[in-house]
Amino acid sequence: MFNLILFGPPGSGKGTQSEKLIAKYGFKHLSTGDLLRHEIANETPLGMEAKNFMDKGQLVPDEVVIGMISSALDNSADAKGFLFDGFPRTAAQAEALDKLLELKKTNIALMLALEVTEEELVKRLLKRGQTSGRSDDTNEKVIRARITEYQNKTTAVGDYYKTFDKVSIVKGEGTVDGIFNSLSEIIDKRM
Ligand code: B4P
């Protein structure tokens, strides 16, 4: 099993690049953002709880997200590898993920970290907000709150995997295909 994390601030292109990577390598895609939006669309109690946080640009509580990932892993026992997109986002989520993978006698092989400047992130998310219908993309204050959450709670996750020498940093600005080629080269070397 080859498991990787696609890491980066909101709007850095994790969702965009994940689609291309799963098409090329056949990973099972696990996006906590997508899973949460699915719960919201179905108006489940979990979705209603998550929406309160997401609309303010805050992270959803760890136990909610970890429970969701745990079920998703159990439902895909035959996957040849997982691509984690937008997860883990806190140190507690990273530790929980390591434990869940250990139970499956596997681990994280690689973290690909996309780097994008704050102004570019804001520009991209406001642009997506014009068409996506995502309530967290339409208000600049909420977008900046998401970036602050990232700086305060999520950058530590990158530091955690750096201690195991698992992180490769990739410039997330440029064409989508150019960035995809850089990501693919790193994966091919590590696989
Ligand atoms: P997510 O759904 O994970 O998404 P994201 O951070 O908004 O963006 P992503 O990086 O995937 O951007 P994308 O490719 O779409 O999170 C949403 C919310 O869910 C969080 O704020 C949080 O509340 C909650 N949540 C999710 N996971 C959680 C967790 N583990 N713990 C707690 N809470 C959690 O790209 C953005 C835009 O840029 C797109 O419009 C795209 O077209 C454009 N773009 C991409 N690449 C480009 C390029 N190279 N050049 C120009 N534009 C580009």
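Q: What makes β4 count as largely enclosed by the rest of the structure?
A: In this predicted model, 6 of the 8 residues of β4 are buried, so the strand is largely enclosed by the rest of the structure. Buried here means under 20% relative accessible area.

Q: How do you know that β4 pairs with β1, and in which sense?
A: Two strands pair if at least two bridges are found between them. β1 and β4 have 5 bridges, in the parallel sense. Asn3 stands opposite Ile108 in β4.

Q: How do you know that the span of α8 agrees with its number of residues?
A: Helix α8 holds 15 residues, 176-190, and at 1.5 Å a residue it should span 21 Å. Its end C-alpha atoms are 22 Å apart, which agrees.

Q: Why are the buried residues of α8 said to line one face of the helix?
A: The buried residues of α8 are Ile179, Phe180, Leu183, Ser184, Ile186 and Ile187. Seen down the axis of α8, they fall within an arc of 165 degrees, so they line one face. An α-helix has 3.6 residues a turn, so residues three or four places apart point the same way.

Q: What covers the buried residues of α8, and what does the face turned away from them carry?
A: The cover includes β1 (3-7), α1 (14-25), β4 (108-115) and β5 (167-171). The face turned away from the buried side carries the exposed residues Glu185 and Lys189.

Q: Which residues lie nearest the centre of the largest pocket, and how many line it?
A: The largest pocket is lined by 45 residues, and Gly11, Lys14, Arg128, Arg134 and Arg146 lie nearest its centre. The elements that give two or more residues to this lining are α1, β2 (28-31), α2 (32-41), α6 (118-132), α7 (140-162) and α8. Of these, α6 gives the most, with 6 residues. About 980 Å³ of space lies in this pocket.

Q: What makes the space lined by Leu6 and Thr154 a cavity?
A: In a cavity a 1.4 Å probe fits but cannot get out. The structure holds 1 cavity of 30 Å³ or more, and about 40 Å³ of space lies in the largest cavity. Its lining is made up of Leu6, Phe7, Gly8, Lys14, Gly86, Phe87, Pro88, Arg89 and Thr154.

Q: Which kind of peptide bond, cis or trans, joins Phe87 and Pro88?
A: The bond is cis, with omega about -5 degrees. Pro88 is found in the loop between β3 (82-85) and α5 (91-103). Most residues other than glycine have a negative phi, and most peptide bonds are trans.

Q: Why is Lys105 called exposed?
A: The relative accessible area of Lys105 is 78%, so Lys105 is exposed. Lys105 is found in the loop between α5 and β4, and has a positive phi of about 55 degrees although it is not a glycine.

Methods. Residues are numbered from 1 along each chain as its sequence is written. This is a predicted model: local features need pLDDT of at least 70, side-chain atom pairs count only at pLDDT 80 or more; totals for chains, interfaces and linings use all residues. Side-chain values use heavy atoms; hydrogens and water are left out. Helices (H or I, at least four residues) and strands (E, at least two) are DSSP runs, numbered from the N terminus. The expected span of a helix is 1.5 Å times one less than its number of residues. Buried means under 20% relative accessible area, exposed over 50%, partly exposed in between (1.4 Å probe, protein chains only). The arc is that of the directions from the helix axis to the C-beta atoms. Contact means heavy atoms within 4.5 Å. On a 1 Å grid over the protein atoms alone, a cavity is a set of points where a 1.4 Å probe fits but cannot get out, and a pocket is an open set with protein on both sides within 12 Å along at least five of seven lines; lining residues have an atom within 4 Å of a point. Grid points are joined across faces, edges and corners, and a volume is the space filled by probe spheres set on the points.
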